[in-house]
Each structure stands twice: as C-alpha cells, then as structure tokens.
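Please look at the sequence and structure shown below before reading on.

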Amino acid sequence: MSAIHPAWELPDTTPVLQAVRRRTPEERTLPASEKIMRAFRNDPRDVRVVIVGQDPYPTPGDAMGLAFSSNATSIPKSLRNIYKEYEDDLGLPAPQHGDISAWADRGVLLLNRVLTVEAGQAGAHRNLGWEAITEAAVRQVARNPHLVAILWGKAAQSLAPIIGEERCICSPHPSPLSAYRGFFGSKPFSRANALLQEQGGEAIDWRLPA
C-alpha cells in the first residue's frame with residue numbers, strides 16, 4: 001500500500017483488507033494495492049479542505065487512490081462535471097486530463113468514503129469496514145483550526161455532523177445521474193475559499209495544469 005504519513009491516527013486496515021480479499025480477487029480490486037491509501041500520504045495537519053466522494057472509479061485504469069482523480073489520459077463522467085463547475089465557478093479552463101492530484105499537495109484531502117471497489121461493480125466494497133477508517137480520518141482533520149468540507153452525495157454528507165454543518169458545503173454528487181439536481185451552480189471552490197478566509201485561513205490554489 002501507499003506510504004501513510006506518520007501523523008495519521010487511523011485504525012488498523014488489516015481486517016478490512018482481509019474482508020476485501022475474501023470478497024474480490026486482488027486482480028479485480030481497484031485501485032492497485034500500492035495506491036489504496038494514497039490519500040493519506042500527506043500530513044493531516046496541512047489539510048484545509050476535504051472533498052469526500054463515494055468509492056473509487058470501477059473502470060480498470062481509472063482509480064488512482066484519490067477521490068475523483070484519474071489517470072492523465074482518462075476523464076470519467078463525474079470528473080467532467082466537476083470540470084464544468086470548475087470552469088463556471090473559477091473562470092479557469094478545464095484540464096484535458098483526469099489528474100487532480102495537484103490539489104492533494106496544496107492542502108486538499110481527496111477522500112473516498114470507501115477506499116476500494118471491484119472492477120465493474122460500483123459499491124461492491126461498501127460495509128466491509130472502510131467507513132470506520134475514513135470516518136476516523138475525517139474526525140482527525142476536523143480538529144484543524146481552518147477546515148472546510150466539500151461533501152458530494154449522501155454518503156459524504158453523513159459526515160457533516162462530525163465536521164460541523166457551518167464548515168460544510170453540500171450538494172448532490174457530480175455523477176451524470178444527479179449533477180443537474182443542484183451540483184451545477186453550487187460554486188464549491190469559491191465558497192470553500194471564502195469560508196477558509198472567514199476562519200482566518202489561507203485560500204486554496206485550485207488551478208490545475210491544462
């Protein structure tokens with residue numbers, strides 16, 4: 001698995017990974033084993049925004065261990081919708097690739113509620129134990145003095161009471177099935193920066209390489 005920054009205080013992942021292996025052969029588990037914990041490679045004390053998704057992309061080759069981020073050559077449909085809102089909200093050109101990992105290096109925790117999935121079977125690894133680990137991660141970063149959560153979809157929004165409703169930006173998931181129900185026009189990026197600055201924190205540089 002990806003190296004975890006030593007400042008993270010997370011439960012043991014061994015039982016969860018064992019449950020995943022009982023459910024799905026390793027060759028059909030996404031993302032690749034070395035990327036499963038990639039969201040935790042940076043110092044949790046540096047997190048200023050946490051974006052919470054559901055589970056990794058189930059298309060082989062897309063999932064890379066960071067919520068909503070994909071390979072440079074692939075832009076999944078949910079990410080295309082995120083890019084549309086990125087353009088409308090910030091007036092920046094949409095990238096022509098799927099890699100949003102630059103945000104992770106600027107204080108954004110890109111966290112799926114469930115960290116693995118079976119290829120071709122969205123939601124296959126829910127309720128196997130990942131939820132306790134990602135909840136612990138959210139509880140930890142919620143202690144940071146300057147923090148905003150962007151919660152897309154009901155699975156993510158279940159974490160709002162932990163973070164504090166006043167620090168959360170909630171909208172429907174950017175999936176094509178729900179984006180038109182309130183995701184478009186929600187302006188999550190500019191609103192997150194405004195909330196951070198109200199807290200006395202520093203805004204996020206949301207610019208991505210085109």
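Why does D55 count as buried? D55 counts as buried because its relative accessibility is 13%, where buried means under 20% relative accessible area with a 1.4 Å probe and protein chains only.

## Basis of the report

This is a predicted model, in which local features need pLDDT of at least 70 and side-chain atom pairs count only at pLDDT 80 or more, while totals for chains, interfaces and linings use all residues. Residues are numbered from 1 along each chain as its sequence is written, and side-chain values use heavy atoms, with hydrogens and water left out.

## The annotated residue

An unreviewed UniProt entry places the feature "active site" at D55; such annotations may be inferred rather than shown by experiment. D55 is in the loop between β2 (49-53) and α2 (77-90), with strands (E, at least two residues) and helices (H or I, at least four) taken as DSSP runs numbered from the N terminus.

Leaving aside neighbours within four places in sequence, the residues in contact (heavy atoms within 4.5 Å) with D55 include N112, T116 and R126.

## The nonpolar core

A nonpolar core is a set of buried Ala, Val, Leu, Ile, Met, Phe, Trp, Tyr and Cys residues joined through side-chain atoms within 4.5 Å. The largest one has 58 residues, and V49, I51, W103, L110, L111, W130 and W206 touch the most other members.

Methods. Buried means under 20% relative accessible area, exposed over 50%, partly exposed in between (1.4 Å probe, protein chains only).
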